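Student: Hi! I would like to learn how to read a protein model, one feature at a time. Could you go through one with me?

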Amino acid sequence: MINANILAAISAAIAVRAIVSLNSYSGQGKPPMYGDYEAQRHWQEITTNLEPKYWYRNTSENDLLYWGLDYPPLTAYHSYLLGNVAGKYDESFVELTKSRGVESDAHKTFMRLSVLLADVVIYLPALLVLFTVIVNQQNKKSMFVYLIAMILYPGQILIDNGHFQYNNISLGFFLLAIAAICKEKHYVGSFVYTLALNYKQMELYHAFPIFIYLLRTCFDQKSFSQKLKKFLIIATIVVSTFVVLWLPWLGSLDSTLEVVGRLFPIGRGVFEDKVSNFWCVVNVVYKIKNKISNQQMAMLCLGVTAAFVLPINVHLFFNKRKETFLLSLVSTAMTFYLFSFQVHEKSILLVAAPALCLLNSYPLETLWFLEVTVFSMFPLFVKDGLEMPFFVLLFIYHICVKDIVLKEYNYRQFKNRVMTALFSTSVYSMFIIACVSLFAPAPARYPHIWSLLISVYSFVHFFLYFCFCIWQQFVNSFTKIKAA
Amino acid sequence: MECHFWKIFALSSAVKILLIPSPHSTDFEVHRNWLAITHSLPISKWYYENTSNWTLDYPPFFAYFEWLLSYAASFVDPQMVVVTNLNYASTATIYFQRCSVIIMDLVFALGVRRSLRALKITQSSPQSFAAAMLLLFNVGLLFVDHMHFQYNGFLFGILLLSISFLLEERYLLSAFTFATLLMFKHIFLYMAPAFAVYLLKFYCLDSKCARNAIICIVKLAVVGLTPIVAAFGPFYNQIDQVFSRLFPFKRGLTHAYWAPNFWALYNTADKVAAKLLRIPSTTGPSTTSGLVQEFEPQFLPNITPRTTFVLTLLFMLPILIKLFAYTSKSESKATFLRAVVICSCSSFMFGWHVHEKALLMCLLPLCLLFVLHSTDATYAYWLSIFGYFSLFPLLHQSCVLLLRYALYLAYVAFMYGQLANLYPNERQTKLHALEKLYTVGCVLIPLYEHFISPLLHLDEKLPFLPLLLTSLYCGLAVTYFFIRYYLHALAISPSASFTSKTNFKPNTTTTKTVKAKDNSKSKLFKSKLKAQ
């Protein structure tokens, strides 16, 4: 019976994703650069037609200024695989240079299906595994709630199936890694996390807590030889996975650095468009972008990020518990999002993914945060023509998770009238801001007023949730120690 | 558990709004054309207009409905209501038409709510939750109304209202609602005999006094005829033309895609026989050529509309007699619902030019029966598996293929979960091993359609084979359901009415007799076939 319900929920989640796939994608019908959809297609074109050593190199056939490959090798291999399938189906999809800006219904169906395939094969099973791991530690009665809350999170759906990206692959591997590590399967965990890291370098946001947690488990072994053995095995797994994946570019230091340079471009500036992070909000009152050089800015970002990341992870090292681990994953990722250099609005998904694991510990706060993450990407969805799915999915998520499912189990947080009222007010304000920004044109003097308002509004929420997570991590561990 | 009826409705509406961008069928243009006809032409020309292929072929109330809608339509996009603007589908038109379906579904929600109340299902019960989910998120309605495009939701809402009035013993109101429904879409005539017999028996012949009976018959006739007169009144001098549009017998025994009914099996048998006996194919159009017109079977006898009509009525008779034989009102109510299902199913099985969508008329009332009895629930589950599966050919565009399977799977899996949830300890809800095998066999058809046939390049040589397989496979399943469910409905003892659903115990002897009867019935069935 439970299995039938899980099957029904997973199928419904696939259906929702398939419905969102019917909408437009980023850069649809917008030559000459198009958008992320064209970027992914272009990578298929490059990888199927050129030798691996030319994938990251600027040549006459591979103009890096036109959506040059800037993700790690696993993304490139994935593109290679998809490109071959696409070429089998219709050669014009991946013809070198001639295929730029290919747009047809058949091609859209192919691309959308490739994302759905990743959902079905990696992301949803990862959530399912994670769900069984986390729920097994808690009460079983309410378990079904979390599955629905996890698989229907609109942020990932709108970005992957709407805007067009394959975050589901890197996030799926990452979530699988958390599940494995929570299940004490450290070797599997480190391998899967390495895959995630090699799919998208942004997974570095999660590297610290995972590294610290695994390091601490090594320290927890009984004898010195066992400690060393465990550490060496994990290190071997990580290094050998890296070596295998990077093999085509390890021939010379130059070619390796060429790839690394593509993955971490310093020249791009502290943030693009409007991001709900600290620097963007500060920029409203004090134009840091004009006052400080890019190099100085990068150092400043590094300093502030380190100032938060280090205490959080040192604390994790000395308080190795699963709950601390999950909290530190969220707060570390959030530190990177809020304070680091070169942040995209989509990077909030990297904070939202581990936050999904906190749903059963802190349902109200986490649900609130998750809804704001979706809202923070609203300007992007407007650009892509995804306003309708945005509103509807957020509505479905809110009603489904808050009103029906969570209330059913009478959570103590939901009995707290003040918090619930604040939550509702915040969500309704979000809705109103989004609607007004759609229908009331911004005044000519401040053309970005709405996206700025959305950034600031989201930033306040993110910062509060960030503080909440840190507070929970530190205070809870003290109370636990006292109780013990 | 709280029921959250309106929240479920809000969620289902949200999913329907999400479905707005999905590709629509020619029925979209059909309804746009009707908007244009009713808006720009005088009422006397509505049933004569034939600029477009898609002439008005629904009864007058539906035309009035389109006429009202067209005023809002002309406000949204004036180009939409121009008759000569064939295949006009601007974004505003799409949003307007899709939203009109979604808003009209409010009537459906009211019908569902009312019928649950009439069946005395308490709001907080798991039964109420299951029925609300199965009806409001009905995957057949999502397919047909919100993807393919039609207005079935609100018509079924009227039907459910009519059923609930009847269950509440407000007979005149029920008759009035049902007659109104017929004037919206006359296909609901399929289930009219069940209403007629029930009203005759429990309204007209309720009192033993003959004079009262006559008064009641007159009252019923007046109430029932009022909507009909209101509908056809303005067309009194062109009734023939209207009727020729409503009942186009020129269209042939089966639709382009064969509905999974008896005639699908008949046609297949004909094809196989013709192949085996090497009968040279006639030059005329064949059944699988995808055209809507008359054809002649090559081997088996030709079927006329009259034959289908007689067969349909013949197969309705036993359940109608059973319904008529009931003496207690409260006990007859569940059987009335079964009679509605069986009458629709008879018409579906043997009717002339039946569409696959017509199976919804069995599937939706079965959602109510699903929460009443374990045995009914099992049959409802069985028919749902194949009934909704047979709707797949409606959604053939490549971008909705995965979507249709995901929606279908979610619905069927939910139904299975509810079967176990509502009837946890009953053996009768379990399918037989062979039945299970047959349900799993469904997978083979998509497997063939999407993987095997393109790989073997059979899709160019035999493009219609997946359709044929679907209607054949589902046709067998629907026939099986029809026989089994018919016998179950006939065998059910009067004590097992819906008020005693909790203490309804599985009876091994009845199942045995059912099986025995099953054999004899199928023999009878075969002999009847031979007789033709």
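Tutor: Gladly! A salt bridge is a side-chain nitrogen of Lys or Arg within 4 Å of a carboxyl oxygen of Asp or Glu. Keep in mind that this is a predicted model.

Student: How many salt bridges does that rule give over all chains?

Tutor: The count comes to 19. Take Lys346(A) and Asp36(A), whose closest N and O atoms are 3.1 Å apart. This pair links distant parts of the chain, 310 residues apart. Lys346(A) is in the loop between α15 and α16 of chain A, while Asp36(A) belongs to helix α2 of chain A.

Student: Are Lys346(A) and Asp36(A) buried or exposed?

Tutor: Both Lys346(A) and Asp36(A) are buried. For another case, look at Asp220(A) and Arg216(A), whose side chains meet in a salt bridge of 3.1 Å, N to O. Buried means under 20% relative accessible area and exposed means over 50%. Asp220(A) counts as partly exposed because its relative accessibility is 39%, and Arg216(A), at 22%, is partly exposed too.

Student: Which residue does Lys333(B) meet in a salt bridge?

Tutor: Its partner is Glu169(B), at 3.1 Å from N to O. Lys333(B) is buried at 6% relative accessibility, whereas Glu169(B) is partly exposed at 36%. Salt bridges with shared partners also join these two, Asp206(B) and Lys329(B) into one network.

Student: Where is Phe336(B), and why does it count as buried?

Tutor: Phe336(B) is in helix α14 of chain B, residues 329-350. It counts as buried because its relative accessible area is 0%. Beyond its neighbours within four places in sequence, its contacts include Ile163(B), Leu166(B), Phe195(B) and Tyr198(B).

Student: And how do I read the place where two chains meet?

Tutor: The size of an interface is often given as the accessible area lost when the parts come together. Here, the area buried between chain A and chain B is about 2,500 Å², and carbon and sulfur atoms give 82% of it. Zero salt bridges are counted between chain A and chain B.

Student: Which helix gives the most to the side of chain A that touches chain B?

Tutor: That is α19(A), with 11 residues. The residues on that side of chain A divide into 21 nonpolar, four polar and two charged. In total, the contact takes 27 residues from chain A and 30 residues from chain B.

Notes. Residues numbered from 1 in each chain as written. Chains lettered and ligands numbered in written order. Predicted model: local features only at pLDDT ≥ 70, side-chain atom pairs only at ≥ 80, totals over all residues. Heavy atoms only, no water. Helix = DSSP H or I, 4+ residues; strand = E, 2+ residues; numbered from the N terminus. Buried < 20%, exposed > 50% of the residue type's maximum accessible area, 1.4 Å probe, protein only. Contact = heavy atoms within 4.5 Å. Buried area = accessible area lost by both parts, 1.4 Å probe. Nonpolar A, V, L, I, M, F, W, Y, C, P; charged D, E, K, R; others polar.
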